Amino acid sequence: MGEQLITSFIAAAGFGVLFNAPRKALIQCGLVGMLGWVLYYGLASEGTDAVPATLAGAFLVGGLSKVCAKYYKTPVIIFNVSGIIPLVPGGLAYDAMRNLVENDYNAGVQLAAKAGLISGAIAIGLVFSEVINQVIKKAGRKRKAK
Amino acid sequence: MDVKSTPPSITSVCLLAGKIMLQSGAETHRVEDTMQRIAASFGKTASQSYVTPTGIIFSIDGTDPTNFMRISERSTDLHKIAIVNSISRQVTNGELSMAEANDQLKQTDLDSYSFSLFFQVIAAALVSGCFAIMFDGSWLDFVPAMLAGAAGYLAMERFHDWVEIRFFAEFLASVIIGLLSLLFIHLQLGAEMDKIIIGAVMPLVPGLLITNAVRDLMAGHLVAGLSKGAEALLTACAIGAGIAVGISFV
């Protein structure tokens with residue numbers, strides 16, 4: 001687990017560099033990415049299926065980025081993007097492509113479907129945290145109006 | 001006519017802000033939101049905008065001429081998005097006049113905040129190595145993945161300067177990654193070719209496009225979301241095809 005913590009932090013912060021994130025935000029990018037990945041990895045190694053595990057990871061990344069964005073007054077996309085990257089099913093997509101190239105269409109399509117589902121889980125996780133954020137915002141506004 | 005002598009119009013300030021954001025890879029709904037906020041803070045509350053990844057249509061109200069801006073070059077530059085965001089925040093708070101905002105935006109458009117290529121390649125190398133470990137690779141694959149990833153990223157940046165078509169640059173970079181991974185396995189420097197390749201292609205993966213596509217779709221920007229999704233899919237296919245070509249040289 002320790003090596004997962006360190007590598008995911010470096011990977012997410014490194015993506016911050018590749019995407020030209022503001023230098024001050026790199027550490028936060030790394031932290032958001034690390035926490036999302038660790039949640040995913042922990043759930044997956046406990047036996048949870050990859051799809052719900054990804055959903056949980058993406059949800060956490062979405063929520064944390066929103067908090068960071070609010071706190072540092074920067075667009076949410078800065079923290080979001082490098083945090084999501086570790087969850088993107090790059091390995092699965094690669095396996096699918098490789099099987100297709102080797103004429104093993106059955107395995108290829110299976111893996112591709114799984115990769116598609118995981119991408120969908122990332123989307124749903126992000127949307128969930130967005131929805132919750134909007135609900136909180138609306139609740140806050142109503143309280144102010146009273 | 002001297003450009004400087006004419007005062008900047010609200011439309012031009014809004015369009016400039018929108019252009020910088022879109023070129024830096026912001027979500028289209030954020031671009032529209034920013035332009036409308038800037039216009040509103042200058043007293044034009046009925047502005048209309050329609051943004052797709054390749055162009056901006058902006059109208060200040062029903063009677064003024066509608067303006068159009070074509071966006072042909074897009075890259076990823078989160079720093080510029082943050083700067084334009086803070087400028088628009090200052091404008092909304094009334095801390096910046098229109099002329100000041102215009103000057104600052106022009107400066108932002110010209111400036112380059114990107115990390116040096118050397119630093120980017122180092123980051124790509126670290127990312128690749130770490131991903132090889134994260135996907136349960138052994139530490140034996142760390143250095144080969146780093147080297148292949150750095151070479152792939154550098155190749156993509158270089159090819160992109162030569163070839164106009166980005167997908168082709170990604171394809172060629174993936175071919176190089178595939179070939180290098182084969183070479184490392186052949187020289188018995190790495191343990192598993194799959195892990196090396198997965199790690200090394202990660203810097204090329206269109207992560208920003210995927211997240212943006214989803215966020216745009218959810219914000220109701222169907223056209224922008226779908227076109228970004230298509231771009232991401234094409235990139236993924238280019239990478240996959242490149243790797244396939246690379247490793248079939250056995």
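This is a predicted model: local features need pLDDT of at least 70, side-chain atom pairs count only at pLDDT 80 or more; totals for chains, interfaces and linings use all residues.
The contact between the two chains comes first. In chain A, 36 residues are in contact with 41 residues of chain B. Several helices build the side of chain A that touches chain B. At least two residues each come from α1 (2-18), α4 (77-84), α5 (90-101) and α6 (105-145) of chain A. The largest share belongs to α1(A), which supplies 10 residues. By class, this side of chain A holds 24 nonpolar, 10 polar and 2 charged residues.

Chain B was then examined by domain. Domain 1 spans 10-110, and domain 2 spans 117-247. Taken over C-alpha atoms, the centres of these two domains of chain B are separated by 32 Å. The domains also touch. Here 8 residues of domain 1 of chain B are in contact with 10 residues of domain 2 of chain B. On the domain 1 side, α2 (28-41) and β1 (48-52) of chain B are the elements that give two or more residues. That side of domain 1 of chain B has 2 nonpolar, 5 polar and 1 charged residues.

The largest nonpolar core has 127 residues. Within this core, A17(B) and V201(B) have the most contacts. Helix α5 (residues 117-134) of chain B gives the most to the core, with 11 residues. Both domain 1 (10-110) and domain 2 (117-247) of chain B give residues to this core, so the core lies between them. The surroundings of A17(B) can be listed. Leaving out residues up to four places away in sequence, A17(B) touches T34(B), M35(B), I38(B), V84(B), S88(B) and L105(B).

Two backbone angles remain. Most residues other than glycine have a negative phi. N20(A) has a positive value, with phi near 65°. This residue is found in the loop between α1 and α2 (26-45) of chain A. Around N20(A), 23 other C-beta atoms lie within 10 Å. A residue is buried if that number is 20 or more, so N20(A) is buried.

Q188(B) also has a positive phi, near 60°. Q188(B) is placed in the loop between α7 (166-186) and α8 (193-201) of chain B. Q188(B) has 8 C-beta neighbours inside 10 Å. A residue with 12 or fewer is exposed, so Q188(B) counts as exposed. In short, N20(A) is buried, whereas Q188(B) is exposed.

Definitions and conventions
Residues are numbered from 1 along each chain as its sequence is written. Chains are lettered from A and ligands numbered from 1 in the order in which they are written. Two residues are in contact if their C-beta atoms, placed from the backbone, lie within 7 Å. Helices (H or I, at least four residues) and strands (E, at least two) are DSSP runs, numbered from the N terminus. Ala, Val, Leu, Ile, Met, Phe, Trp, Tyr, Cys and Pro count as nonpolar, Asp, Glu, Lys and Arg as charged, and the others, Gly among them, as polar. Domain bounds come from an automatic or database domain assignment. A nonpolar core is a set of buried Ala, Val, Leu, Ile, Met, Phe, Trp, Tyr and Cys residues joined through C-beta atoms within 7 Å.
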